[in-house]
Amino acid sequence: MSMQETFGEVISSYTSDNAISDGSLVDLRVIFGEKGIFNYVTSGLLAHGYLKQDDIGQEYIDQANLVDLLFQARKIVKRKSKNFEEMDSFFSGRIELPSGERTKIFICQNETGDYTLMLPEDY
């Protein structure tokens, strides 16, 4: 039985492209290219020390801190997937934010087959 037979016709959908357009997601491929298993991060997570302001008040992403976030998230996936041998659609773990505070993150597979990094409240 297909999804449409089970649930009926799709009334509306909300894609990652929609979330990028409304500011809920940031496309990491724009920053780093097509490398790695992570392609999106939520603006909610970025607001925890990954965004900075320059001298004229323009907001920008602190790339050094963002690389650290990706490194920590990769370690979580590597450990929980037994060295990438048993991949799943969802992982969670704790990271250290730029402030030094530790927090939980979710790492969820998205429609592209890659993963989105988010805070639990962004899920």
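**Group meeting talk: strands, core, rings and pockets**

Let's start with two strands: β2 and β7 run parallel and pair over 3 bridges. Strands pair here if DSSP finds at least two bridges between them. Helices (H or I, at least four residues) and strands (E, at least two) are DSSP runs, numbered from the N terminus.

A word on what you are looking at. This is a predicted model, where local features need pLDDT of at least 70, side-chain atom pairs count only at pLDDT 80 or more, and totals for chains, interfaces and linings use all residues. Residues are numbered from 1 along each chain as its sequence is written, and side-chain values use heavy atoms, with hydrogens and water left out.

Back to the strands. Which residue stands opposite Val41 in β7? It is Leu117. β2 has another partner: 3 bridges join β1 (residues 25-27) to β2, and these two run antiparallel. There, Asp27 stands opposite Tyr40 in β2.

Now the whole chain. It has 5 helices and 7 strands. In sequence order the pattern reads α-α-β-α-β-α-β-β-α-β-β-β. The C-alpha trace spans about 55 × 40 × 25 Å along its principal axes. Of the 123 residues, 31% count as buried.

Next, the core. A nonpolar core is a set of buried Ala, Val, Leu, Ile, Met, Phe, Trp, Tyr and Cys residues joined through side-chain atoms within 4.5 Å. The largest one has 20 residues, and Phe38, Leu45, Leu69, Ile107 and Leu117 touch the most other members. Which elements give two or more residues to this core? They are β2, α4, α5, β5, β6 and β7. The largest share comes from α5, with 6 residues.

On to the rings. A pair of aromatic rings is described by the distance of the centres and the angle of the planes. Rings of Phe, Tyr and Trp (its six-membered ring) pair if their centres lie within 6.5 Å; planes under 30 degrees apart are stacked, over 60 edge-to-face, and the rest tilted. The whole structure has 4 aromatic pairs. Take Phe90 and Tyr123: their ring centres are 5.9 Å apart and their planes sit at 65 degrees, so the pair is edge-to-face. Phe90 lies in strand β5 (residues 90-96) and Tyr123 in the segment after β7, so the pair ties together parts that are 33 residues apart in sequence. Phe90 is partly exposed at 31% relative accessibility. Tyr123 is exposed at 66%.

Tyr123 also pairs with Phe106, again edge-to-face. Here the figures are 5.5 Å centre to centre and 90 degrees between the planes. Phe106 sits in strand β6, and the two residues are 17 apart. Phe106 is buried, at 13% relative accessibility.

Now the pockets. On a 1 Å grid over the protein atoms alone, a pocket is an open set of points, where a 1.4 Å probe fits, with protein on both sides within 12 Å along at least five of seven lines; lining residues have an atom within 4 Å of a point. Grid points are joined across faces, edges and corners, and a volume is the space filled by probe spheres set on the points.

How much space lies in the largest pocket? About 320 Å³. It is lined by 16 residues, and Leu25, Cys108, Thr116, Met118 and Asp122 lie nearest its centre. Its lining divides into 6 nonpolar, 9 polar and 1 charged. For these classes, Ala, Val, Leu, Ile, Met, Phe, Trp, Tyr, Cys and Pro are nonpolar, Asp, Glu, Lys and Arg are charged, and the others, Gly among them, are polar.

The second largest pocket has about 230 Å³. Its lining has 8 nonpolar, 2 polar and 2 charged residues. Helix α5 gives the most, with 4 residues. Phe84 is among the lining residues.

That brings me to the last stop, the loop between α5 and β5, where Phe84 is found. Phe84 has a positive phi of about 70 degrees, although it is not a glycine. Asn83 is found in that loop too. Its phi is near 60 degrees, also positive.

Technical notes:
Buried < 20%, exposed > 50% of the residue type's maximum accessible area, 1.4 Å probe, protein only.
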